[in-house]
Amino acid sequence: MSVLRFDNVSKQYPGGHVALADVSFEVQPGEMLFVTGHSGAGKSTLLKLIHLSERPSRGAVLFGERNLRKVRRGRVPLHRREVGVVFQDHRLLTDRSVYDNVALPLILRGMRRGEIGKRVRSVLDKLGLSERERALPTQLSAGEQQRVGIARAVVAEPALLVADEPTGNLDPTLSAEIMALFASLPERGTSVLVASHDLGLVKRMKKRVLVLDHGQLADDIAPEDLADA
Amino acid sequence: MPEALDGAAVRRPARPHGRIGTWFDHHLYSFVASLGRVARRPWSTALTIGVMAVALALPIGLWLAMANVARFSGDVQRAREISVFLKTDVDAAGAQVLARTLRARPDIGGVQLRTPAQGLAELRANGLGAAIDAVGADDNPLPSVLVVTPRGDEALLAASLQALPEADLVQHDALWRQRLDGWLRFGMRVALVLGALLGLGALLVVGNTVRLDIQSRREEIGVLQHLGATDGFIRRPFLYLGLWYGLASGALAIALLTFAANALDAPLAELAASYGSRFMLQGLDVVAAVAVVAGAALLGWLGAGLVAGHYLRQTRPTET
């Protein structure tokens, strides 16, 4: 069973702008893939549909067996707890420590404090942030802040992690470092969907790439075909 | 167990503990977060609490003042005798007979006869002896007076006494008491209206403070919503914030009223003593004080809840 499936999904905003048109694709468990395209191609809308910030106008978005179109408003938070999100600007809570930021998804899930401590420290250790546990986000470098954002997104071990231009504000070295982190997540069973317009970076990762163009899925390139793309 | 959605994708790894444990943890989180917000902005917090406290203290103070006046007028009303001045041709025996007749009536609690001689003696006792001697007291001009204590409607009784053939003049202070009662009722109503208006003001003060807090935390709220926080989780720290404002302002309002009462007590007691009264100001009792603090806390909670709820309704995820 796929983690995520788009079945002929279209999204038209009030005012008539068509952001996505008849898009279909599947994401398998433990798969990492990129969504790329020019600005306004529909990448952000696609992520919003997964995260239930928007609903499709037509078609179905399936998360496992769950049809996201049918998730009631009051249940949206419960869905969001099962999808990790990494933002371009990482959106950390600046008045909370690194530990508190990373612990938030677990607090929301109602985990025991002891278990939260173990999980948070384990993730911080894996992402090389153990020494920065008590630091405030403003005391961190841009790369460290983005790593904290990733730690927060993966600490609850979601089935799917979506990242919206996660390296947009980082230099090439840090971008490569962050991408390597994403690439390691599928080994732990988390599927990863990264939206990026950085074609060079996308090609270097040698992963499946969905190409959006004016809201349409223009191409679905397998890793082995990337060199020819 | 905490809620979960059906048909989840492949993994559901984070193991939550019981519903009560989660509820407790979430409240503890909100409790600590709200205290942190209060502590981070001491001046703003102090101003909000101060404004709320004054808004609460004003109507409560007015209500207390009215209650004290009512208590004082109650004391006065206990001595509510009606004086019936008899015609001068009614002699002492006739007055005695009339007094006995009146005592038998069910609307009369008691009748005391003051003879002309007693009246004269009273005047002499009040230092008017020389004046009486000067005009000559051989022919006592004073009438017999019946001092009637009513049992029931005084005005009705006064009217019926006036109708007695032996009565020359009936002196009854009903009018000023009716006016005083009217003023007291009006004062109480003013206190109620002021209480409602200033209570609404306190609600708006908390609401506005929480609104500003929400505005400064819009990004944080957005992040929490993205991470899967429910409206309740996001609203809770603001509710606690409103509760702290309410509790503190209620306590401060009582402190202000106590201070005011202490400042007024001594001069008022002195004034009352000059009229031969032992009247003392009465403040809020413990039950009323607790009710004020609880009411203020409720106002704070409500104001915060209304504003936070309004904001969350505006930022809710899309409809199905």
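Axes are lines fitted to C-alpha atoms, for helices over the stretch in contact, and angles run from 0 to 180 degrees between N-to-C directions. Helices (H or I, at least four residues) and strands (E, at least two) are DSSP runs, numbered from the N terminus.

This is a predicted model, in which local features need pLDDT of at least 70 and side-chain atom pairs count only at pLDDT 80 or more, while totals for chains, interfaces and linings use all residues. Residues are numbered from 1 along each chain as its sequence is written, and chains are lettered from A and ligands numbered from 1 in the order in which they are written.

Chain A, helices

I looked up helix α3 (residues 98-108) and helix α4 (residues 113-126) of chain A, which pack at an angle of about 125 degrees with their axes 9 Å apart. α3(A) and α4(A) are therefore oblique to each other. The crossing of α3(A) and α4(A) is right-handed; a crossing is left-handed if the near helix is turned anticlockwise from the far one by less than a right angle, and right-handed if clockwise.

Next I took helix α5 (residues 142-154) and helix α6 (residues 172-184) of chain A, whose axes cross at roughly 15 degrees and come within 10 Å. That makes α5(A) roughly parallel to α6(A). I noted a right-handed crossing for α5(A) and α6(A).

Chain A, sheet

I found an open sheet of four strands in chain A, in the order β2-β1-β4-β5 and with antiparallel pairing. Two strands pair if DSSP finds at least two bridges between them.

Strand β1 (residues 4-12) of chain A is joined to strand β4 (residues 58-63) of chain A by five bridges. A:Arg5 has A:Leu62 in β4(A) as its bridge partner. A:Leu62 also stands opposite A:Asn67 in β5(A). Two bridges join β4(A) to β5 (residues 66-67) of chain A, and these strands run antiparallel. β4(A) and β5(A) form a hairpin with two residues between them, and A:Gly64 in the turn has a positive phi of about 65 degrees.

Chain B, sheet

In chain B I found four strands in an open sheet, ordered β2-β3-β1-β4, with antiparallel pairing. β2 (108-114) and β4 (167-171) of chain B stand at the edges with a single partner strand each, so one side of each is left without a neighbour in the sheet. The twist averages 20 degrees from one strand to the next. Strand β1 (residues 82-86) and strand β3 (residues 145-150) of chain B are joined by four bridges; B:Ser83 stands opposite B:Val147 in β3(B).

Chain B, helices

I checked helix α8 (residues 231-274) of chain B, which has 44 residues. From first C-alpha to last, α8(B) reaches 63 Å, close to the 64 Å expected at 1.5 Å a residue; the expected span is 1.5 Å times one less than the number of residues.

α8(B) packs with helix α9 (residues 286-314) of chain B at an angle of about 150 degrees, with their axes 7 Å apart. That makes α8(B) roughly antiparallel to α9(B). I recorded the crossing of α8(B) and α9(B) as right-handed.

Terms used: Angles under 35 degrees count as roughly parallel, over 145 as roughly antiparallel, 65 to 115 as roughly perpendicular and the rest as oblique.
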